[in-house]
Amino acid sequence: MNSSFWEYVISIIYIIIVPCVMLIISGRYAEEPPKYNETVQWSGYRTGRNTRSKEAWEFSQKYFFSKAEWIALFEIIGSVVIIIKYWHRILFPSFQLEIVLLQVALVIIIPAIPTEIMVHKMFDKNGKRKL
């Protein structure tokens, strides 16, 4: 395979861009979470328990996105390690797709688990804070 320099550059950008965008979005939402609306939530971390009250919503947004911010930062570091270790495979579209799908899954699933545990500990099924 005779690959040019620019093919490698574009592939590296493709692998790095996803965690960078996730870091920016997570950082933004950790600072200023999406507003609570009883009828429609277009963005943010939504589950049945955290949409029942404004207090539960705000807590879960800040908690989830603060964790997602750290995960995205580790994904950037992990992406650089993967690029260095597997530089000969980064031109394959299937390899790029696997990396991107893994990155998206990790930034959604890993912060969701501790967030749900904390929301369950702090709020009842109606969204009211437990004493």
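Predicted model: local features only at pLDDT ≥ 70, side-chain atom pairs only at ≥ 80, totals over all residues.
Helices are DSSP runs of H or I with at least four residues, numbered from the N terminus.

Local features need pLDDT of at least 70 and side-chain atom pairs count only at pLDDT 80 or more, while totals for chains, interfaces and linings use all residues. Residues are numbered from 1 along each chain as its sequence is written, and side-chain values use heavy atoms, with hydrogens and water left out.

## Span and bend of α3

The 30 residues of α3 should span 44 Å at 1.5 Å a residue, and the 44 Å between its end C-alpha atoms agrees with this; the expected span is 1.5 Å times one less than the number of residues. At alanine 112 the helix bends by about 30 degrees, and proline 114 follows within four residues. The bend is the angle between axes fitted to the seven residues ending at a residue and the seven starting there.

## Glutamine 103

Glutamine 103 lies in α3, residues 93-122, and is buried, with a relative accessible area of 4%. Leaving aside neighbours within four places in sequence, glutamine 103 is in contact (heavy atoms within 4.5 Å) with Ile15, Val18, Pro19, Met22, Glu75 and Ser79. With the same exclusion, valine 18 is in contact with Val100, Gln103 and Val104.

## Nonpolar cores

A nonpolar core is a set of buried Ala, Val, Leu, Ile, Met, Phe, Trp, Tyr and Cys residues joined through side-chain atoms within 4.5 Å. The largest has 12 residues: Val18, Met22, Ala30, Tyr45, Phe64, Phe65, Ala68, Ile71, Ala72, Val100, Val107 and Ala112. Two or more residues each come from α1 (5-31), α2 and α3, and α2 gives the largest share, five residues. A second, separate core of six residues includes Ile16, Ile83, Phe95 and Ile99.

## Aromatic pairs

Eight aromatic pairs are found in the whole structure. Rings of Phe, Tyr and Trp (its six-membered ring) pair if their centres lie within 6.5 Å; planes under 30 degrees apart count as stacked, over 60 as edge-to-face and the rest as tilted. Phenylalanine 59 and tyrosine 63 form a stacked pair, 5.6 Å centre to centre with 25 degrees between the planes. Both residues are buried and lie in α2 (residues 54-85), four residues apart, about one turn of the helix. Tyr29, Tyr45, Phe64 and Phe65 form one aromatic cluster.

Note on methods
Buried < 20%, exposed > 50% of the residue type's maximum accessible area, 1.4 Å probe, protein only.
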